[in-house]
Amino acid sequence: MTELVYWLDMAGVIIFALSGVILACRSQMDPFGMLVLAAVTGIGGGTLRDLVLGIRPVFWVVDPTYLWVILATVGVSIIGFHYIHRLSRIFLPVADAFGLALFTVIGAHKALQLDAPGAVAVLMGLLTGVAGGMLRDVLARRVPMVLRQEVYATASIAGGITYVVLFALEAPWVLTISLALLVTLGLRLAAIHWHLSLPVFAWVEIASPAPAVDDMGRGETSPPSVRTKAKVRMIRQKRGRSGSEDRQDEA
């Protein structure tokens, strides 16, 4: 199982690094910018996870293979830049979804191996899955996916809970990893395909007619006035078929 988790972790680094390269290409960055975005996306979340869990040194210092994999990913991407530049805009969120699923499982697994409580393991899975993408988007001057209305962090939390519950039930490790991956990936891909988003809370102005009275207070003598009241309501914003992310990329 340890070897499988290691290769899953490596696959997640490659996928997230590739998503960083794609975003760097769309942001018209130079090769160094591509390397920076690939690195922070690929190992940023795991680095923060290890720091929070008190693991010293962090994983990529112990095993520099992660750095070489990121460097190789960027090198191959530069050689095949023409093909990467022509990838569909849907490729980035899909690749990000696969990376999110892999890193969620890796983060939860590593926390449980250190005898962390289940709630902490779920949070470590979330941190591992979303922190790298947040750093990538911030450096590229985009609103991070996790801060939008899209189902993103929710998918990671659901996958982390699935892994923790199955681990506590001592389910077969292949089943535990597979179901946690499928839950996270399925929710995220469904959100991308059907443009699912969480409702938001916002201040809305509600108009209500107020009866007008004459100077003697004897009832209504003129058309009623309108007064507004501010209330907090849960709303869902409508999104176009192309999605808000595509519109932002094209801006």
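1. Salt bridges. Five salt bridges are counted in this predicted model. The rule asks for a side-chain nitrogen of Lys or Arg within 4 Å of a carboxyl oxygen of Asp or Glu. Side chains of opposite charge can pair when their charged atoms come close.

2. How the model was read. Residues are numbered from 1 along each chain as its sequence is written, and side-chain values use heavy atoms, with hydrogens and water left out. The model is predicted, and local features need pLDDT of at least 70, side-chain atom pairs count only at pLDDT 80 or more, and totals for chains, interfaces and linings use all residues.

3. Lysine 110 and aspartate 50. These two form one of the salt bridges, with the closest N and O atoms 3.2 Å apart. Lysine 110 sits in helix 6 and aspartate 50 in helix 2, so the pair ties together parts that are 60 residues apart in sequence. Helices are DSSP runs of H or I with at least four residues, strands are runs of E with at least two, and both are numbered from the N terminus. Lysine 110 is partly exposed, at 22% relative accessibility. Aspartate 50 is buried, at 0%. The cut-offs: buried is under 20% relative accessible area, exposed is over 50%, and partly exposed is in between (1.4 Å probe, protein chains only).

4. Arginine 136 and aspartate 96. Here the closest N and O atoms of the salt bridge are 2.9 Å apart. Arginine 136 belongs to helix 7 and aspartate 96 to helix 6, so this pair ties together parts that are 40 residues apart in sequence. Both residues are buried.

5. Around aspartate 96. This residue is found in helix 6, which covers residues 91–113. Its relative accessible area is 0%, so aspartate 96 counts as buried. Which residues does aspartate 96 contact, leaving aside its neighbours within four places in sequence? They are Phe16, Arg136, Met145 and Tyr152. Contact means heavy atoms within 4.5 Å.

6. The network. Arginine 142 forms a salt bridge with aspartate 137, the closest N and O atoms being 3.6 Å apart. Both arginine 142 and aspartate 137 are buried. Asp96, Arg136, Asp137 and Arg142 are linked in a network of salt bridges.

7. Helix 7. Its 22 residues should span 32 Å at 1.5 Å a residue, and the end C-alpha atoms are 32 Å apart, which agrees. The expected span is 1.5 Å times one less than the number of residues. Helix 7 also bends, by about 30° at valine 130. That bend is the angle between axes fitted to the seven residues ending there and the seven starting there.

8. Positive phi values. Just after helix 7, arginine 141 takes a positive phi of about 60°, although arginine 141 is not a glycine. The residue is in the loop between helix 7 (118–139) and helix 8 (153–168). Arginine 141 is exposed, with a relative accessible area of 79%. Glutamate 170 is another non-glycine residue with a positive phi, near 60°. Glutamate 170 is in the loop between helix 8 and helix 9 (173–194). Its relative accessible area is 72%, so glutamate 170 is exposed.

9. A cis peptide bond. Where is proline 57 placed? It is in the loop between helix 2 (31–53) and helix 3 (59–62). The bond from arginine 56 to proline 57 is cis, with omega near -10°. Check this bond in the viewer.

10. Nonpolar surface patch. Met1, Leu4, Trp173 and Val174 make a nonpolar surface patch of about 340 Å². Patches take residues with over 30% relative accessible area and no salt bridge; like charges are joined within 9 Å, and nonpolar side chains (Val, Leu, Ile, Met, Phe, Trp, Tyr) within 5 Å. Tryptophan 173 lies in helix 9 and is partly exposed, at 38% relative accessibility.

11. Whole chain. The protein chain has 10 helices and two strands. From the N terminus, the elements run α-α-α-α-α-α-α-α-α-β-β-α. Buried residues make up 43% of the 251 residues. Of the contacts with a separation of 6 or more, 72% are between residues 24 or more positions apart. The chain exposes about 13,600 Å², and carbon and sulfur atoms supply 67% of it. Accessible areas come from the Shrake-Rupley method with a 1.4 Å probe; for residues, only the protein chains shown count as cover.
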